[in-house]
Amino acid sequence: MSTDMDSSSFSRTPPSPRMIGAIHWRGLWTLYLKEVRRFLSVSTQTLMAPVVTGLLFLAIFALALGGAGRQTAGVDYIAFLAPGLIMMALMQNAFANTSSSIVISKLQGNIVDVLMPPLSSAELTLGIAGGGITRGLIVALAAGLGMWVFVPLRLHDPLAVLFYAVNAAMMLSLLGIIGGIWAERFDHISAVTNFIITPLSFLSGTFYSIERLPEDWRFIAHFNPFFHLIDGFRYGFIGHADGSLAVGAVVVLVVNILLWAVTHRMFVTGYHLRP
Amino acid sequence: MAEQAATAPTPRRFGAVNWRGLWSLYHRNVVRFFRFGIEQLGGPAVSSLLFLAVFDLALGGGRETAPGVTLSQFIAPGIVMISMIHSAFENAAAYIVYDKLDGMIGDILSAPLKPAEIVAGFALSAATSALCTGAVVLLLMSLFVELPVHSPAAVLGFALAAALLFAFFGTIVGLWADRWDNYSAAETFLILPLGLLSGAFFPLQAVAPEFRWIFEINPVFHAVEGFRYGFTGQAQGAVAGTAAILALLTLALALLSWRLVAVGYKLKA
């Protein structure tokens with residue numbers, strides 16, 4: 001194809017086409033960097049705001065309880081609450097990053113700049129999800145450090161913390177991509193955020209042990225991947241889980257693999273992306 | 001031009017107030033609010049119910065915070081108030097920032113509207129949107145929490161005062177903000193903490209005495225106090241004093257926003 005280009009008449013040897021290996025590392029890295037710089041340039045909204053919100057929640061719950069003494073799952077309620085709040089911030093921000101990136105690109109028309117380059121569907125998924133995962137993890141780290149000043153957070157099982165943090169960031173980033181591709185206007189995606197993501201991140205055991213729920217609801221909670229994410233992440237701090245960790249890990253991994261497949265498929269078929 | 005027309009059109013006459021202009025500006029902003037009705041009303045409605053559910057489940061909504069007042073009854077008015085101040089702020093500030101960034105503010109400044117009318121148009125429409133949001137949230141809350149009304153006058157009066165106060169505050173922030181980033185900084189670092197640390201969720205006695213001043217200087221604390229008194233009939237302080245503080249503060253912010261528009265702060269070159 002390059003031999004047809006005008007330049008061939010001027011130069012004796014046409015430039016050889018760029019060779020891209022199995023993975024287009026430079027393109028992938030560029031896309032990832034774009035996604036990360038996008039949220040870093042408005043860090044007041046994307047990093048500071050969630051940390052402030054998390055600390056405020058911690059403060060009002062601490063005050064509403066009227067001091068110490070209350071125990072949940074065998075630990076002080078505040079020690080129980082803090083990991084939940086960190087996880088909530090992580091999930092909401094991972095979702096916000098990928099969904100807003102795609103919706104804004106689509107509305108402004110610069111999504112073609114992402115679709116045109118020689119990036120495979122897998123690379124697109126990885127690059128965009130990578131940005132969301134990075135934001136989720138940075139927010140979680142910042143919120144965790146902020147809370148650590150007020151709450152004695154001990155790491156019981158760092159591996160569990162890492163596993164659930166990365167998987168939660170991945171799950172919500174992928175959901176954000178799917179939501180962003182599906183949405184045709186900005187209110188579509190804010191409806192998904194307001195009516196699905198926020199309620200699920202609030203009601204999946206962030207603030208209370210699911211033992212407080214009625215019997216039927218407790219049963220349903222075990223099918224909710226968000227519950228397993230929060231429960232497993234909290235286990236990494238306090239060493240107590242409401243549900244089964246093995247079941248949780250399997251559910252989380254299966255959901256993530258499914259979401260990867262769906263997202264990849266959306267980029268392959270060009271659903272709501274290409275005419 | 002005048003030669004061509006037999007009789008030159010007589011200039012429009014305004015009374016002391018350009019009612020039609022004021023109504024147009026007010027109406028435009030209210031229509032803007034309802035155009036995104038699902039999002040504007042649905043968002044606060046869902047998040048309010050989530051707050052209620054979470055407090056109820058985490059802390060036990062049935063236990064009494066004061067004689068005859070359950071925790072749910074205590075926090076429900078606070079949640080309504082928070083969603084109102086947020087809506088009032090948002091609907092004043094965001095529309096002004098939007099108009100400024102899009103250059104539409106010129107259409108408003110060049111219309112025959114006095115600074116007081118411009119401020120009133122923005123602030124009253126934002127307050128209206130806030131009261132609509134509050135009414136929807138209150139209706140939803142009353143499905144889950146028994147909310148007897150002790151004093152309808154206090155409920156309405158404090159709702160109106162808080163809506164106006166934060167509508168004027170939003171107007172000032174909207175004038176000040178150069179970018180969306182400024183707007184969301186004000187939202188994150190002022191509105192959110194003022195709302196959440198307002199005593200909406202716990203009685204002041206829960207706070208250590210040396211920190212109580214943080215709540216007492218927060219206007220939202222007073223708004224929540226008065227508004228809650230309208231439902232439960234119980235207040236931790238004097239309701240009349242609370243009302244006076246809010247009225248004075250609202251008046252001060254109204255004057256400030258009027259002055260800012262009058263001198264053209266960040267509006268006119």
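Student: In what order do the elements of chain A run from the N terminus on?

Tutor: An element here is a DSSP run, either a helix (H or I, at least four residues) or a strand (E, at least two), numbered from the N terminus. In chain A the elements run α-α-α-β-β-α-α-α-α-α-α-α-α, which amounts to 11 helices and 2 strands. Keep in mind that this is a predicted model, in which local features need pLDDT of at least 70 and side-chain atom pairs count only at pLDDT 80 or more, while totals for chains, interfaces and linings use all residues. Residues are numbered from 1 along each chain as its sequence is written, and chains are lettered from A in the order in which they are written.

Student: What pattern does chain B follow along the sequence?

Tutor: Chain B reads α-α-β-β-α-α-α-α-α-α-α-α, with 10 helices and 2 strands. Its C-alpha trace spans about 80 × 40 × 35 Å along the principal axes, and that of chain A about 85 × 35 × 35 Å.

Student: How should I read burial, and what percentage of chain A is buried?

Tutor: A residue is buried if 20 or more other C-beta atoms, placed from the backbone, lie within 10 Å of its own, exposed if 12 or fewer, and partly exposed in between. By that count, 43% of the 275 residues in chain A are buried, and for chain B the figure is 45% of 269 residues.

Student: How many residues does each chain bring to the contact?

Tutor: Two residues are in contact if their C-beta atoms, placed from the backbone, lie within 7 Å. On that basis the contact takes 26 residues from chain A and 26 residues from chain B. On the side of chain B that touches chain A, the elements giving two or more residues are helix H2 (37–60) and helix H7 (180–196) of chain B, and H2(B) supplies the largest share, 12 residues. By class, that side has 19 nonpolar residues (Ala, Val, Leu, Ile, Met, Phe, Trp, Tyr, Cys and Pro), 2 charged (Asp, Glu, Lys and Arg) and 5 polar (the others, Gly among them).

Student: What do the buried residues of H2(B) pack against?

Tutor: The buried residues of H2(B), including Phe51(B), Leu52(B) and Phe55(B), pack against helix H3 (43–64) and helix H8 (186–203) of chain A, together with helix H1 (19–35), helix H3 (71–102) and helix H5 (115–144) of chain B.
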